[in-house]
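Visitor: Please show me the model, and then let us go through how its parts are arranged.

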Amino acid sequence: MTVSMTARKVLLAVFLIALALPPFLGANSYVLQVLNLSFIYAIAALGITIATGITGLIVLGQAALMGVGGYSTGLTMTVLGWPWWLAMPAAIVITGLAGAGLGLLSMRIKGHYLAITTLALNEIFRVVVLNESWLTGGPFGLRDIPVLRVPMLGTTVSQQLYLPLLIIAVLIYALAIRMYGTTFGRRMRAIRDDDLAAETMGVNSRRVRVLAFVLCSIAGAIGGSLYVLTFGFISPNNFALFESIRMVLMVVIGGLGSIGGTFLGALVVTGLPEMLRGIETYYLAAFGLGTVVILLTVPRGMGVIADWVLAPWLPEARKSQADQPVKQFKAEDQEAEDARAVAVAERLRAEREARAKSAPAPEARGTLLSVENASKKFGGVVALKDVSFTVQQGEILGLIGPNGSGKSTMINAISGIAPITSGRIMLEGKEISGQPAWNVHAAGISRIFQNVRVWGSMTVLENVMIAHPATRDLDVLRSTFGARSANAAEDEARVAALEALSLVGIRHLADRPASDLSFGQSRLVEIARGIVNKPRLLLLDEPGAGLRGGLILELAEILKDLRDKGMTILVVEHRIKLVVEMCDRITVLNLGEKIAEGSAESVARDPVVVDAYLGGKVERRRPAKTPAPDMTGPANPITN
Ligand SMILES: Nc1ncnc2c1ncn2[C@@H]1O[C@H](COP(=O)(O)OP(=O)(O)OP(=O)(O)O)[C@@H](O)[C@H]1O
């Protein structure tokens with residue numbers, strides 16, 4: 001049974017109203033204090049969800065960032081005498097700067113090493129606070145910090161601050177959910193799913209990583225500030241390693257990456273141990289056991305419930321993940337997919353033939369890309385050696401060669417993910433070698449990879465929208481707060497993405513999570529993603545690998561269609577029949593060196609090429625003056 005989106009909105013409203021009621025139902029100060037604490041931790045733990053759950057950067061030192069926020073607030077209020085409304089923004093800026101430093105560090109330190117570095121933050125914070133006691137009060141902490149008061153809301157501090165804390169937490173969570181579905185959220189998720197693919201599709205991973213850490217720190221700072229303003233006292237113990245682990249637990253119980261789940265996780269991790277205090281010494285053991293049972297039985301944690309309720313505000317992929325299990329691709333789906341591919345191929349062919357009758361395809365118009373004496377070494381391995389060739393405007397150039405000849409290395413070098421060791425790569429006279437992948441993409445070069453690399457946690461539409469230039473430079477504030485320019489850019493990217501999906505015949509899959517797709521469909525998503533920015537040069541690394549039947553036909557027709565529309569294409573492909581059918585010219589590599597180039601026919605005649613494919617056996621197999629082999633027939637050694 002599916003429950004309507006309106007019903008879910010009502011459910012959320014009921015939940016929030018129920019959460020607002022305790023002070024009005026006469027809940028005692030202790031209960032309110034525990035709930036206040038859980039709202040504060042919910043805000044701080046959201047930082048971990050943003051950095052770790054959404055962007056994939058493991059943060060194990062959130063309590064330290066919370067501590068920086070807490071101490072900054074406490075010190076500016078006690079030493080400088082600032083009011084809370086000045087102290088809190090100052091704390092956010094100070095902690096945000098610390099986060100930016102962490103982000104810069106994350107460019108050099110990756111994965112588990114980064115996790116260990118953030119873990120060390122806890123210890124660094126503890127040692128600094130303990131040793132600089134002239135400023136921080138050392139082990140005794142800071143006392144008598146003025147707490148916030150809202151007299152009209154009750155007599156005790158916990159009563160007075162209950163509603164403000166709840167409202168602040170709900171607002172911050174609403175902003176985070178909004179950010180998740182906009183361009184910045186998409187870029188974060190793309191980096192988590194596959195950072196290399198993200199970079200080649202124009203995502204500036206450095207900027208996104210730094211911003212993810214800054215947002216994580218801001219959440220920590222707000223949590224730390226509110227802690228100080230609620231309790232009026234802090235000591236190093238309030239922000240120790242144990243607190244970091246507790247916040248990680250909130251995020252994990254909440255279902256890693258689920259924003260709503262983190263809120264529920266914070267309520268459970270803060271509240272449940274207090275409820276279990278009745279069993280005295282065993283309460284923490286019981287809590288630990290309960291956590292393990294939750295994680296074993298519901299690996300997506302409380303995110304299952306939270307995402308289901310919040311579905312009206314979540315992007316389609318998360319929504320459908322919350323509603324139904326991943327769809328398995330079956331044999332009958334494959335048949336339908338094949339029939340669809342053949343139909344698209346026939347449509348494109350008919351359109352192309354009609355175009356050819358009314359107007360001839362544009363001629364090649366000068367050099368678009370020139371590779372000049374490019375060499376690439378991996379330690380002692382020379383993958384490319386002094387390779388030079390050009391790609392002419394509007395042509396399809398095939399790059400072929402036996403296994404290990406350097407084809408993928410060349411594509412990687414052009415697309416900016418594996419810079420050449422020497423030589424130059426020029427795009428219309430401007431050097432692009434040495435540029436990061438996102439700048440190469442912005443210059444007008446798109447690529448698809450040898451192995452399919454779609455972002456599985458996003459919808460097909462989101463996958464394609466990321467690569468559109470309209471949203472590339474939108475900052476987090478403009479896109480989250482829905483500035484008019486940001487909304488217009490989103491609309492432009494959405495329309496272009498749907499057009500690209502139509503062109504490759506899979507518009508009907510736009511709202512499906514990419515993880516649900518077959519291999520062939522994922523390949524088509526990659527092509528749509530590669531062409532949505534209308535690149536000047538499209539690089540394809542074995543686009544036919546793993547495809548068969550109708551999809552191969554469809555691929556060949558799509559590429560010819562793009563070429564007819566003026567797109568320049570450089571394609572690496574092992575299926576020589578496909579290369580011969582599609583390409584205007586062919587360049588051949590062997591052992592990292594260029595050994596031939598020209599038309600399919602001239603390349604096929606070249607004994608050096610045949611020799612490279614047969615590994616030196618050509619002379620024994622074929623007399624020197626035999627006619628050129630038929631590139632499309634099985635007798636040709638290159639085609640087999
Ligand atoms: N990251 C790397 N580290 C070390 N050596 C590498 C790396 N990438 C490629 N090579 C080496 O460079 C050479 C060229 O590899 P490359 O993948 O470019 O060849 P290819 O022509 O694309 O092969 P295939 O057709 O099998 O994909 C090979 O000897 C390969 O082992």
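**Helix packing and domains**

Guide: Helix α2 (residues 29-54) and helix α12 (residues 259-275) pack with their axes 8 Å apart and at an angle of about 140°, where axes are lines fitted to C-alpha atoms, for helices over the stretch in contact, and angles run from 0 to 180 degrees between N-to-C directions. Helices (H or I, at least four residues) and strands (E, at least two) are DSSP runs, numbered from the N terminus. This is a predicted model, in which local features need pLDDT of at least 70, side-chain atom pairs count only at pLDDT 80 or more, and totals for chains, interfaces and linings use all residues. Residues are numbered from 1 along each chain as its sequence is written.

Visitor: How are α2 and α12 oriented to each other?

Guide: Angles under 35 degrees count as roughly parallel, over 145 as roughly antiparallel, 65 to 115 as roughly perpendicular and the rest as oblique. The angle here is about 140°, and α2 and α12 are therefore oblique.

Visitor: Into which domains is the protein chain divided?

Guide: The bounds come from an automatic or database domain assignment. They give domain 1 (27-240), domain 2 (362-444 + 535-593) and domain 3 (456-534).

Visitor: How far apart do the C-alpha centres of domain 1 and domain 2 lie, and how many residues does the contact take from each?

Guide: Between the C-alpha centres of domain 1 and domain 2 the distance is 46 Å. With contact meaning C-beta atoms, placed from the backbone, within 7 Å, the contact takes 7 residues from domain 1 and 7 residues from domain 2.

Terms used. Contact = placed C-beta atoms within 7 Å.
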